[in-house]
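Hello,

Here is the structure I promised to pass on. Have a look first, and my notes follow below.

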Amino acid sequence: MMLQIQSPSDRPTSPHAILNLAFRIFFSGGAVFAIVTMLLWVFVFMGKTEIDVMTINPLYWHAHEMLYGYTMAIIAGFLLTAVKTWTGVMMPYGYRLLGIFSCWLLARFGWIAVGVGVGSPKHWLAIAAIFDLLFMLWSAGVITQAVMSVKQYKQMGIISKLTLLTIGNGLCYWGIYSGNMEYVRIGVYLGLYLILGIVLTIGRRVVPFFIERGISFDGDKEVQVKNSRVLDVLSLLTFLVFLIVDVFYPNKYLLSMSALGVGLVNVIRLLGWYHRGIWQKPLLWSLYLAFLGMCLAFALFAIQPWLGFSHSLAVHALAISGVGMMTVAMMSRVSLGHTGRSIHQPPKAVVAMFVLMGCAFVFRVLLPLVAMDYYTMWLMIAQSAWILCFVLFCITYIPILSKPRPDKLFG
């Protein structure tokens with residue numbers, strides 16, 4: 001596809017640099033929200049504020065906002081930026097982008113109001129439902145339009161996952177209003193596994209590419225890592241079986257076999273992607289460890305039915321590695337590259353950020369496996385590590401995300 005070079009007169013403009021491309025405002029808003037929602041969850045967990053349990057189980061309140069609140073903001077920021085690169089079609093910017101972001105933000109205010117116990121929970125959730133689904137439909141719509149306009153049908157997998165995520169979010173709201181928490185459960189778990197499906201799909205594309213580019217930059221010869229179409233198909237099929245079994249058809253034999261299959265396939269992937277040079281690059285080893293954490297999480301799913309520890313530990317292992325570490329690592333790199341800054345000299349704070357997210361994994365997942373008597377303490381330390389990680393991200397990256405590119409280009 002031929003791209004038309006813009007002259008200075010028709011170059012896009014926006015009222016502020018943070019509205020130039022979606023990653024700027026959604027990464028900033030998502031990172032701030034990651035702090036706010038976890039702080040509020042700490043207060044809920046400690047009994048300092050009460051959620052109306054007749055409206056929604058507090059655990060599902062927390063899970064919904066981690067997935068459809070925080071994570072969907074990062075996914076929207078990434079895809080509404082990446083699709084421009086993939087298709088050559090300009091994505092929303094300026095006031096149109098602000099409109100999409102405002103829908104996401106208004107939905108979050110609705111859920112926060114439920115968390116702090118202000119007014120009628122169902123009234124706030126009605127507002128949240130309208131703006132949340134509008135945000136997801138609007139985002140999916142512009143992505144679909146761009147992909148279809150250039151006939152990039154290979155992106156239909158991403159579009160189908162966004163569509164199913166919108167349905168999953170709708171199920172959560174339907175469950176709340178019908179008083180059926182089973183719908184909420186399905187919506188939450190469907191959301192988690194669809195997001196992980198997006199992570200596995202996009203990670204398969206970008207992680208080896210980042211490794212090759214990052215290591216070759218410092219070397220005398222070009223580095224190439226191994227990929228396999230067979231592994232791609234096996235990862236997709238085993239993950240699909242895992243999703244169906246864990247959400248809809250509980251069977252410990254199928255769960256163990258499918259989870260073990262996903263884990264093994266992605267361990268083989270990691271072996272093919274490995275290069276000792278990644279340990280010199282925080283923006284590379286963080287992505288690698290995020291994938292490794294997901295493999296460990298699938299191993300926990302495989303053994304959980306037989307050893308009897310909480311299913312929640314395996315779920316949180318998958319969420320912290322595949323959502324927490326992966327999004328922080330990806331945002332840290334994308335925020336530099338797309339603002340015209342060097343990805344080979346990241347801010348020094350990134351190492352502390354990644355270590356803190358690693359600590360969240362250890363204290364939320366591994367230590368409760370061996371010392372459940374101290375569960376509350378481990379949980380509080382993990383929550384603190386999560387919050388500190390995003391505080392560092394905000395301090396380090398929001399100034400970058402809110403300033404124009406040094407090269408004066410639009411982006």
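Let me start with Y249, which sits in the loop joining helix 7 (229-247) and helix 8 (252-273); helices here are DSSP runs of H or I with at least four residues, numbered from the N terminus. Together with L240, I244, F248 and L254, Y249 makes up a nonpolar surface patch of about 480 Å² accessible area. Such a patch takes residues with over 30% relative accessible area and no salt bridge, with nonpolar side chains (Val, Leu, Ile, Met, Phe, Trp, Tyr) joined within 5 Å; the areas are Shrake-Rupley values with a 1.4 Å probe, and only the protein chains shown count as cover.

A word on the source: this is a predicted model, in which local features need pLDDT of at least 70, side-chain atom pairs count only at pLDDT 80 or more, and totals for chains, interfaces and linings use all residues. Residues are numbered from 1 along each chain as its sequence is written, and side-chain values use heavy atoms, leaving out hydrogens and water. The mean pLDDT (the predictor's confidence in each residue, from 0 to 100) is 91, and 96% of the residues reach 70 or more. Do treat residues 1-9 separately: pLDDT stays under 50 there.

Now the salt bridges (a Lys or Arg side-chain nitrogen within 4 Å of an Asp or Glu carboxyl oxygen). The count comes to six. E65 and R108 pair at 2.7 Å, N to O. E65 belongs to helix 2 and R108 to helix 3 (residues 94-116), so this pair ties together parts 43 residues apart in sequence. Both E65 and R108 are buried, meaning under 20% relative accessible area, where exposed is over 50% and partly exposed lies in between (1.4 Å probe, protein chains only). D132 joins E65 and R108 in a network of salt bridges.

D232 has two partners to look at: R204, with the closest N and O atoms 2.8 Å apart, and R269, at 2.9 Å. D232 counts as buried because its relative accessible area is 14%, and R269 is buried at 5%, while R204 is partly exposed at 22%.

Finally, T55 lies in the loop between helix 1 (22-45) and helix 2 (58-87). T55 is buried, at 5% relative accessible area. Beyond four places in sequence, T55 is in contact (heavy atoms within 4.5 Å) with P121, K122, L125, I176 and M181.

Terms used: Patch = residues over 30% accessible without salt bridge, like charges linked within 9 Å, V, L, I, M, F, W, Y side chains within 5 Å. Helix = DSSP H or I, 4+ residues; strand = E, 2+ residues; numbered from the N terminus.
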